[in-house]
Every structure is written in structure tokens, then in C-alpha cells.
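This report is meant for a reader who is new to the structure. Please look over the sequence and the model before reading on.

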Amino acid sequence: MASFGDWMRLLRIHSAALTWGVIVLGYIVAGGTLFSWEALIWALIGTSWHAWGFTMNSWCDRAIDKADVGKKDFPLVTGTITDDQAVYLTQALLIITVVLTAWHIAKANSVVGLVLLTITIVFGSAYNIYSKRSPWAWVALTFGWGLFPLIPVVTLTSQLTPAV
């Protein structure tokens with residue numbers, strides 16, 4: 001049975017602050033307030049995005065990671081977390097990310113935000129699937145992860161230029 005620590009390692013929660021920090025920074029650059037409920041929701045969105053990406057990546061790379069000495073203790077490699085559990089968790093995290101983000105986008109009636117969300121999910125998924133199989137995976141990473149912080153900007157400002 002998987003321990004709490006195993007789940008946290010699968011989610012790579014130790015590095016989630018970087019992801020949610022960049023998302024919240026996008027929110028602040030767009031004119032949002034750091035100490036607000038909205039900033040907290042964007043931090044939750046960033047955390048769920050982060051956890052979704054790392055969980056999906058671990059699941060996609062589980063066969064390759066078995067041969068990697070540095071990942072011999074990872075929960076999917078050792079079997080403490082099963083493939084089915086990882087798939088269910090990945091799906092749940094993606095749903096949480098999409099629902100929370102789409103709620104913000106709908107409030108702002110932002111078509112650009114919806115397009116950005118779609119692009120980031122498609123490219124984020126492509127990176128997770130091909131990261132260790134293609135030298136071009138970094139392109140997917142750039143668009144998948146790199147465009148996500150723009151979503152708060154376009155939902156608050158209805159444009160791609162930040163508030164100055």
C-alpha cells in the first residue's frame with residue numbers, strides 16, 4: 001500500500017511552488033492582488049496543473065524509468081502506486097485543473113483564455129507522452145508549460161498585454 005510520501009513523490013509536490021508561483025505571478029502582473037482569494041484559487045490551479053503534469057509524465061515514462069537507476073525508488077517503478085491508481089489520479093487532476101481554469105475563463109468571457117487552455121493541455125500532454133521518446137519534446141514543453149501563466153493575464157485583462 002502506498003504511503004502519503006509515495007503520493008507526494010508521484011505528484012512532485014516538493015517543487016509545486018515554482019508552478020503555482022508562476023501562475024500567481026501572471027495573475028499579479030495582470031493587476032490581481034497577491035493576498036486574495038483569487039490568488040489562492042490561481043495557486044490551486046497551478047498546483048493541480050503541476051501535479052497533473054508530473055503524474056501523467058510518470059505514468060507515460062514508467063517503462064523507461066524502470067531502467068533509470070535514479071528513479072528506481074519512484075512509486076510507479078516500485079509498484080507501490082499502481083498504473084490504474086496513477087491513471088485515475090491523472091484524470092482527476094486534469095478535471096480539477098480544467099474546471100477551475102474554465103470557471104475563471106467563463107467569468108471573464110475570454111475566448112483567448114479558452115484557446116490558451118486548450119493549447120496548454122494539448123502541448124502539455126504531448127510533452128508528457130513524448131518527453132523521453134523525441135528530441136522535439138521540448139517544443140511541446142515550451143508551449144504547454146510556457147503559455148499557462150498567460151491564462152490569468154487574458155482572463156483579467158481580456159488581452160495578452162499585462163497591466164503596467
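The sections below go from the overall fold to the nonpolar cores and then to the aromatic rings.

## Overall fold

The model is predicted. The protein chain has nine helices and zero strands, and along the sequence its pattern reads α-α-α-α-α-α-α-α-α. With a radius of gyration of 16 Å, close to the 15 Å that the globule rule gives for 164 residues, the protein chain is as compact as a globular protein of that length. Along the principal axes, its C-alpha atoms fill a box of roughly 50 × 35 × 25 Å.

Of the 164 residues in the protein chain, 40% are buried. Among contacts with a separation of 6 or more, 73% are between residues 24 or more positions apart. The accessible surface of the protein chain is about 8800 Å², and 72% of this area belongs to carbon and sulfur atoms.

## Nonpolar cores

The largest nonpolar core consists of 23 residues. Trp42, Leu117, Phe148 and Ile151 have the most contacts inside this core. At least two of its residues come from each of helix H2 (16-29), H3, helix H6 (83-108), helix H7 (111-130) and helix H9 (150-157). H3 gives the most, with ten residues.

Apart from this core lies another, of five residues, including Ala2, Leu10, Leu76 and Ile81.

Phe148 belongs to the largest core. Leaving out residues up to four places away in sequence, Phe148 touches Ile23, Ile45, Trp49, Thr97, Thr101, Leu117 and Thr120.

## Aromatic pairs

The model has four aromatic pairs. In one of them, Trp49 and Trp52 are tilted, with 4.9 Å centre to centre and 45° between the planes. Trp49 and Trp52 are three residues apart in helix H3 (residues 37-60), so about one helical turn separates them.

Both of these residues are buried: Trp49 has a relative accessible area of 5%, and Trp52 has a relative accessibility of 2%. Buried here means under 20% relative accessible area. Ring pairs also bring in Phe148, linking Trp49, Trp52 and Phe148 into a cluster.

## Charges over rings

Two tryptophan rings are described here together with a charged residue. Arg62 lies over the face of Trp59, at 4.2 Å from the ring centre. Lys107 has its charged end over the ring of Trp103, 4.3 Å from the centre of that ring.

Terms used:
Residues are numbered from 1 along each chain as its sequence is written. This is a predicted model: local features need pLDDT of at least 70, side-chain atom pairs count only at pLDDT 80 or more; totals for chains, interfaces and linings use all residues. Side-chain values use heavy atoms; hydrogens and water are left out. Rings of Phe, Tyr and Trp (its six-membered ring) pair if their centres lie within 6.5 Å; planes under 30 degrees apart count as stacked, over 60 as edge-to-face and the rest as tilted. Helices (H or I, at least four residues) and strands (E, at least two) are DSSP runs, numbered from the N terminus. Buried means under 20% relative accessible area, exposed over 50%, partly exposed in between (1.4 Å probe, protein chains only). A charge sits over a ring if NZ of Lys or CZ of Arg is within 6 Å of the ring centre and within 35 degrees of the ring normal. A nonpolar core is a set of buried Ala, Val, Leu, Ile, Met, Phe, Trp, Tyr and Cys residues joined through side-chain atoms within 4.5 Å. Contact means heavy atoms within 4.5 Å. The radius of gyration is taken over C-alpha atoms; the globule rule is 2.2 Å times the number of residues to the power 0.38. Accessible areas come from the Shrake-Rupley method with a 1.4 Å probe; for residues, only the protein chains shown count as cover.
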